[in-house]
Amino acid sequence: MRDAVHDGARGQGQAPGLSRRLARAVLRIAFAVLMVSPSVGPSWAQSAGEAADPSIPSGPGVVQWHYRGQGLKLTLTQLRPDNVRAFLGGRGFTKADTEFVVQSVCIFGSSMGSAHERPGSPPVVILLKQWRAHWNGRSIAPRLREDWAKVWKARGADETAGVAFHWALFPTRQTYGPTDYNWGMITFPIPAGARIDLEVHWLNGDERHSARIRGLECGQ
Amino acid sequence: MSLRITPAVLAVLAMLSLGLIAGLFAAASGPFSPAEAGKMRRLLQPIPGKPQAPAFRLPDTDGTMRTLEDWAGKVLIVNFWATWCPPCRKEMPAMERAWRKVKDKGVVLLAIHVGGNEDRIWAFLTDYDITFPVLIDKTGAVSRAWRTIGLPTTVVVDPAGRMVLKAIGGREWDDPAILDAVLALRGTK
């Protein structure tokens, strides 16, 4: 078969030289395409994942932490007491209830969900109940939606404000398909300005994962 | 041993090169090209079991009570949102663009605001020039009944009233891939 090709080439006069140049050009183009293609190599996946989530405000003065791995993508944003006061004041909370929140918990804004982008990828389940903040030698559980519902009931807070607060908190447990995510606040009974390590837990399909994000700082 | 380059060899080389490129694309992004992988970021998740959408009775921004039955037989895109939720705000312009594309095609886009505060909702809708129907779920009860856990969440209901597709988190709702998936539900029995 190869001989037949050789034989055929002989009859083409100038064609072999031209073809060789064309062949080299094709290969060069193919090589160049491979080198510049954004889909080749691990950098593609990394660059997609490292882009800051636009759902969280960013800019000068905004402090954020990012994590991506084993199906989870996460962005945490430091919220200062004044951010929290502005948010709660706008939702109908009394000044007393607003100050109760500001004085009793450290709050992070968050955007979290599945890092998977292909259909058929395993569901990612964020298990907020198992998360722990490590501070001052203590392991501290987050104050969840269910905990806050009891707080507002006990304080007799405005129902509309309580509803807004519930939905503004990150879900206690949520399952995310590929590209899914939620936005919400996470609260820990830790004083303003404290530096913590955050232990996060999630499922990637049937696999259980955890990670420790170090050096988070509560806003003050 | 020398290989003479003929048009036939050239063609084979070109095909091999293209095959190599395609193979590497596949290795990097699974069975999808980058364009397809990009589309996946914009697609919707199927809802297992296709449960019936729960009935509701909620006021719109004018105070008129609306029910699910008002849109019976249509494909419904139901978005659960709040003015204070950043990704909800971000996807609203795309929802409005989507609405303008599908409103005459048997599809209704409906936003349900979780929680009250009508003044802020009004201001938001005016600022963003939103023209699709917006209802207010003051207690969050309807949102819970629709299995919404976090914001934003959007559910697509087929003409038979079944919840068939879902997006947790924002999407570019006017993306052709999403609109095609929604329009394909028309006529579903």
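Visitor: Which residue in strand 2 of chain A is the bridge partner of A:Tyr67?

Guide: A:Leu74 is the partner of A:Tyr67. This is a predicted model: local features need pLDDT of at least 70, side-chain atom pairs count only at pLDDT 80 or more, and totals for chains, interfaces and linings use all residues. Residues are numbered from 1 along each chain as its sequence is written, while chains are lettered from A and ligands numbered from 1 in the order in which they are written.

Visitor: How many bridges join strand 1 of chain A to strand 2 of chain A?

Guide: There are 6 bridges between strand 1 (residues 64-69) and strand 2 (residues 72-78) of chain A, and the two run antiparallel. Strands are DSSP runs of E, at least two residues; helices are runs of H or I, at least four; both are numbered from the N terminus. Two strands pair if DSSP finds at least two bridges between them.

Visitor: How many bridges link strand 2 and strand 3 of chain A?

Guide: Strand 2 and strand 3 (residues 106-114) of chain A pair antiparallel over 7 bridges. In strand 3 of chain A, A:Ser110 is the bridge partner of A:Leu76.

Visitor: Helices now. At what angle do helix 4 and helix 5 of chain A pack?

Guide: Helix 4 (residues 81-90) and helix 5 (residues 95-104) of chain A pack at about 150 degrees, axes 10 Å apart. Axes are lines fitted to C-alpha atoms, for helices over the stretch in contact, and angles run from 0 to 180 degrees between N-to-C directions. That makes helix 4 of chain A roughly antiparallel to helix 5 of chain A. The cut-offs: under 35 degrees is roughly parallel, over 145 roughly antiparallel, 65 to 115 roughly perpendicular, the rest oblique.

Visitor: Which residues of helix 5 of chain A make the contact?

Guide: A:Thr98, A:Val101 and A:Val102. They meet A:Pro81, A:Val84, A:Arg85, A:Leu88 and A:Gly89 of helix 4 of chain A. Contact means C-beta atoms, placed from the backbone, within 7 Å.

Visitor: What about chain B: at what angle do helix 3 and helix 6 pack?

Guide: Helix 3 (residues 86-102) and helix 6 (residues 176-183) of chain B pack at about 45 degrees, with axes 11 Å apart. That makes helix 3 of chain B oblique to helix 6 of chain B. Helix 3 of chain B uses B:Ala98, B:Lys101 and B:Val102 here, and helix 6 of chain B uses B:Leu179, B:Val182 and B:Leu183.

Visitor: In what order do the strands of the sheet in chain B run?

Guide: The order is 1-8-7-4-5-6, an open sheet of 6 strands with mixed pairing. Its edges are strand 1 (45-46) and strand 6 (134-137) of chain B.

Visitor: Where in chain A does pLDDT stay under 50?

Guide: Residues 1-16 of chain A are one such stretch, and residues 29-57 of chain A are below 50 too. pLDDT is the predictor's confidence in each residue, from 0 to 100. Chain A averages 79, and 73% of its residues score at least 70. Where pLDDT is low, the predicted coordinates should not be read in detail.

Conventions: Two residues are in contact if their C-beta atoms, placed from the backbone, lie within 7 Å.
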